Amino acid sequence: MPWLLLLCSGAAHAQSYRFPIRRPASGTQPYITAHRDNNSGDALDDYRCGSETYNNHKGTDIGIGGFAVFDDGSRVVVAAADGEVAAVRDGCFDRCTTGSCDCADGFGNYVRIDHADGKRTYYAHLKKNSLLVSVGDQVTCGTAIGKVGSSGNSTGPHLHFEVRHANNVSDDPYRGDCAGPVSYWVQQGSYGGLPGDTCEGGGGNPAPQTGTVRGVVFEDQGVGTADMSIRITGASVRLVGTNTATVASGADAEWTLTAQAGEVVVRVTADGYQDGQRTCTVTSGETTWCSVGLVPLPAPTPDAGVPRDAGVVSRPDASPSSSPDAAPVETEPDAGAPPDAGEPADAAETTDAATWSPPDAAEPGTPDAGAESSPVAEDGGTAVSSSPEDPGEEASPAPGSCASAPPNPWLVGLLVYFRRHRRGGQR
């Protein structure tokens with residue numbers, strides 16, 4: 001067993017660990033999903049010789065509640081004991097669900113801390129861009145080092161916590177019949193439960209490192225913080241994953257909150273605007289500006305079925321226009337037109353004397369009531385008709401003339417009278 005190496009070597013007293021995730025004040029609490037597999041064969045043996053593990057698993061897996069919790073800010077991972085940061089890896093995809101998003105040999109984004117007793121602790125599958133420490137940093141028990149993710153060979157958001165000795169051989173931090181006689185936890189807790197979050201020496205958790213996050217809420221004009229001229233006073237501001245919230249106030253719509261050092265997500269809501277959020281990194285003991293812009297909700301679309309009033313004034317006797325934007329049509333009043341609506345409106349038009357006849361020109365009983373009677377010539381004879389023998393054909397005028405027969409004086413006189421009468425009525 002790996003623990004025998006420590007007992008026989010006379011090494012310094014083994015350091016004890018606290019639970020490596022900061023427990024939230026409310027919401028879903030962390031839980032163990034798999035222990036270390038202490039059986040070298042195909043069988044499964046967790047530290048109690050149970051089956052809460054999977055084949056060849058070398059660490060302790062701790063779930064947080066799935067991607068719903070991950071997307072709402074996830075959970076903070078902390079150093080289990082004092083030590084020095086010896087290795088970090090960031091930039092791996094952190095939403096793996098297949099268990100085979102190989103990155104950094106399956107660990108994904110991770111931190112390794114070397115401890116004074118010669119052991120090492122690994123914190124794997126962390127959230128991308130959430131790491132708060134660098135190689136060479138000295139950390140104390142409870143120092144925030146990142147957030148839980150699903151990077152590397154992972155099937156969902158969880159922390160893989162693993163203990164190794166200086167020779168890189170992994171060990172089980174639990175005491176049990178299928179593990180070692182020594183527990184590396186300050187408070188191991190019951191089987192199926194969680195270890196305690198008290199640090200070695202009974203000092204409990206160190207005072208959390210905090211900073212100030214500050215900003216204004218403005219109307220986003222499409223250029224981000226380059227134009228913050230329109231402020232949104234009264235907007236609600238909240239740190240995602242916490243109960244910390246405030247309201248943007250004053251003419252500048254300014255707000256200020258205290259936040260844990262590290263990455264924070266600021267979410268803002270206001271009436272008439274789409275919800276907005278921004279991710280910022282808070283530095284312990286310093287003020288970080290994190291202003292958020294909101295995009296206005298689109299204006300309601302007017303009812304396209306109701307035509308707009310184009311300002312067209314319609315006369316009662318005018319025909320409606322087919323276009324709403326057409327100019328009004330003005331109609332001249334009837335200026336003495338004869339009762340016969342079939343007469344042309346323009347008195348200057350030429351009336352065909354060869355086809356027009358007075359009402360009494362047709363004799364009742366004749367086959368064609370519209371045919372002219374044969375007027376009597378001045379010499380008492382019958383005038384020659386201008387109609388062709390075939391009433392269905394038009395007469396062809398002689399070359400150089402307008403008609404094939406001389407004009408009828410009686411008809412001409414009647415036409416002159418009619419024209420004068422009409423002109424008199426139009427004055």
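Q: How many disulfides does the structure hold?
A: This is a predicted model, where local features need pLDDT of at least 70, side-chain atom pairs count only at pLDDT 80 or more, and totals for chains, interfaces and linings use all residues. Residues are numbered from 1 along each chain as its sequence is written, and side-chain values use heavy atoms, with hydrogens and water left out. Taking a disulfide as a pair of cysteine sulfur atoms within 2.5 Å, the structure holds five.

Q: Which handedness does the disulfide of Cys49 and Cys178 have, and why?
A: The sulfur atoms of Cys49 and Cys178 are 1.8 Å apart. Because the torsion about their S-S bond is about 100°, this disulfide is right-handed.

Q: How many residues apart are Cys49 and Cys178?
A: Strands here are DSSP E runs of at least two residues, numbered from the N terminus. Cys49 sits in the loop between β1 (31–34) and β2 (60–63), and Cys178 in the loop between β10 (170–171) and β11 (210–219). The pair thus links distant parts of the chain, 129 residues apart.

Q: Is Cys96 buried or exposed?
A: A disulfide joins Cys96 to Cys101, with 2.2 Å from S to S. Buried means under 20% relative accessible area, exposed over 50% and partly exposed in between (1.4 Å probe, protein chains only). Cys101, at 23% relative accessibility, counts as partly exposed. Cys96 has 1% relative accessibility, so Cys96 counts as buried.

Notes. Helix = DSSP H or I, 4+ residues; strand = E, 2+ residues; numbered from the N terminus.
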